[in-house]
Amino acid sequence: MNYLTVENIAKSYGELTLFENISFSVHKDQKIAFIAKNGTGKTSILNILSGDDVADAGVITYRKDITVAFLSQDPKFDKKLTIEDTILASDNPILSIISNYEKALLNSEDTENYQAAFDAMEQHQAWDFETLYKQILFKLKLEDLNQKVSTLSGGQKKRLALANALINKPDLLILDEPTNHLDLEMIEWLEGFFAKENITLFMVTHDRYFLERVCNEIIELDNGQLYSYKGNYSYYLEKKNERREREEVEVGKTKQLFKKELEWMRRQPKARTTKSKSRIDDFFEIKHKAHQRRKEHQLQLELNMERLGSKILEFHKVTKAFKDKTILNSFDYTFKKGERVGIIGKNGTGKTTFLNILTQSTQPDSGKVVKGDTVKFGYYTQAGMNIKPEQKVIDVIKEFGDYIPLKKGRQISAQQLLERFLFSRKKQYDFVEKLSGGERKRLYLCTVLIQNPNFLILDEPTNDLDIVTLNVLESFLLDFPGCIIVVSHDRYFMDKVIDHLFVFKGEGIIDDFPGNYSDFRVYEDSLPVVSKATEDKKDKTSWKQNEASKLSFNEEKELRNIESKLNALAFDKKELENKFNNPDLTQEEINTLSEDLQKIIETIESKEERWFELSDKLED
């Protein structure tokens, strides 16, 4: 069943053509992700679909009998209403059914009308509506139902809009970056919600794990052409690579044909037959194809890093609280060279406050933070950069100098640097306020990196960046020799970049988990008994020392590391065992695999023995 048809739409702003002749359709039960680079019109297409903008050409047709909901980046609400009133003021037909039933109760002598209202409640399962909307609001951390919309933050408003859309259960839900402003727990809940609910989705998102687990089709806008992939993100990557390879082969063949036809053109006779005129026409078409170039400029990050000394950053018994809310409680930590730390935790547990204390823009209540003399912070904040009126892109960079130092004593001009960050010469003289959200983030990232930091602090760096830019940023960070701290809800980004996690539990408890986010989720899911002991004692894996603990600090840390290592070893063991299924293995390869497997089994046994020793000591 076709829900939406988009035919040959186009959009331009002055001389800038975002897209033209774009056509696609959305059918019942499809969960489609729309992927494109920043600045190519993703949000413009969503605005056109929602009616907030109008296409210059083309037709958009919705099926008449369906309900459609839109989740924008900047939702609008009546500021006078409360959270609950906002939900109850929606156009949800169940609300009118409930209202009719309440009226029928007041006139119960009208048995026919009462029975009709009762049957409607049964048919639409309206009895549980209040429970449903409260559950969704609570999952999205909107527990105070009487809070006025006027007092909500931008992120809370986005979550309220998401809740409203989910509660109303539209036939088609159109989403613009649905995972922005959600913490990791909320994102995983939303993935599960979409998996079990029969909602047709069309979304723009950069969250690659979300794409992988939710979407069953991906539409990509690439160099003005639309490509459709019937599968999730992994399938898309595989098929896109195959398409690129085919295109390269075709261009190669066309170039060879062009050379052959060019020789013919140069020696052609003056008299032109009908046949030769046709071949001449074909020649110009071949020439056009042979000289086509992909507009595939890769973001290049190659900046000079300040030397990092032996002393980097130390926390000594740092405590911070706001009224009765504890953020840090006697926190001790010494950062080492090349350390890559991810920070996760629910909203409100103090992640941003921790970063502000780290950069010394906020002072602790007690304790001290000691920064090494050679440390130079590069702080990418959620707030972004301050845009001055009438400021052009090139002016933002020239504030740091006309020439920027690179590695090995080289330097480049501000213009060349912007080109490396995918800003064309023409784009460099645009006003900053004309840039898309993703282009502004890319420019802000440029201003952070050109200051040559050796300690990068990235607070939600992935918001509004396209997937291509994210991949390049990840590659740059993997080669970055300094220290990195990342706060992000992008699990794919965290898994790729960081080595261990600070898990903010609240009440001043911070766990140091030796692994990435996926390791942490496996750890939590596979060791429920240990997790429960951790929750009950609150002293097993945190810096908050419990006097009743029978383990020393080093033993607690060792126990935590063993638990994580056992998960990794179990995975390695399974991978090795699967390799034995290959019928083409030689005897030498089988012997090598057997030796590797035996080593892993022995290591597991040794780790388990030590784990039991420490666990027994903990329980004594």
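**Entry 1: Lys-441**

I began with Lys-441, which counts as buried because its relative accessibility is 13%, and the cut-off for buried is under 20%. I keep in mind that what I am reading is a predicted model. Looking up where this lysine sits, I found Lys-441 in helix α14, which covers residues 437-449. Which residues does Lys-441 touch, leaving out those up to four places away in sequence? I noted Tyr-380, Gln-382, Asn-463, Asp-464 and Leu-465 as its contacts. I also checked Lys-441 against Asn-38, and although the two are 403 residues apart along the chain, their C-alpha atoms are separated by 9.8 Å.

**Entry 2: the six-stranded sheet**

I then turned to an open sheet of six strands, whose order I wrote down as β14-β17-β18-β12-β19-β20 and whose pairing is mixed. Which strands stand at the edges of this sheet? They are β14 (377-380) and β20 (509-513), and each has a single partner strand, so one side of each is left without a neighbour in the sheet. On average, and with direction ignored, neighbouring strands here are turned by 15° against each other.

**Entry 3**

Next I looked up an open sheet of three strands, which has antiparallel pairing and the order β2-β1-β4. The edges are held by β2 (16-27) and β4 (57-62), and since each has a single partner strand, one side of each is left without a neighbour in the sheet. From one strand to the next, the twist averages 15°. How many bridges pair β1 with β4? I found five, with β1 (residues 2-13) and β4 paired in the antiparallel sense, and I noted separately that Glu-7 stands opposite Val-59 in β4. I also saw that helix α1 (residues 42-50) lies across β1, β2 and β4, and that this helix runs at about 55° to β2.

**Entry 4: α5 against α6**

I moved on to helix α5 (residues 129-139) and helix α6 (residues 154-168), which pack at an angle of about 145° with their axes 10 Å apart. Their crossing is right-handed. On the α5 side, I listed Phe-129, Leu-132, Tyr-133, Ile-136 and Leu-137 as making the contact, and on the α6 side Leu-160, Ala-163, Leu-166 and Ile-167. Sorting the residues of this contact by class, I got nine nonpolar, no polar and no charged.

**Entry 5: α6 against α7**

Finally I looked at how α6 packs with helix α7 (residues 184-196), where the angle is about 15° and the axes are 13 Å apart. Are α6 and α7 roughly parallel or roughly antiparallel to each other? They are roughly parallel, because angles under 35 degrees count as such. The crossing of α6 and α7 is left-handed. Arg-159, Leu-162 and Leu-166 of α6 make the contact with Met-186, Trp-189, Leu-190, Phe-193 and Phe-194 of α7. By class, I recorded seven nonpolar residues, no polar ones and one charged residue for the contact of α6 with α7. Going back over my lists, I noticed that Leu-166 of α6 takes part in the contact with α5 and also in the contact with α7.

Definitions and conventions:
Residues numbered from 1 in each chain as written. Predicted model: local features only at pLDDT ≥ 70, side-chain atom pairs only at ≥ 80, totals over all residues. Heavy atoms only, no water. Axes fitted to C-alpha atoms, helices over the stretch in contact; angles between N-to-C directions. Helix = DSSP H or I, 4+ residues; strand = E, 2+ residues; numbered from the N terminus. Left-handed = near helix turned anticlockwise from the far one by under 90°. Contact = heavy atoms within 4.5 Å. Nonpolar A, V, L, I, M, F, W, Y, C, P; charged D, E, K, R; others polar. Pairing = 2+ DSSP bridges. Buried < 20%, exposed > 50% of the residue type's maximum accessible area, 1.4 Å probe, protein only. Parallel < 35°, antiparallel > 145°, perpendicular 65-115°, else oblique.
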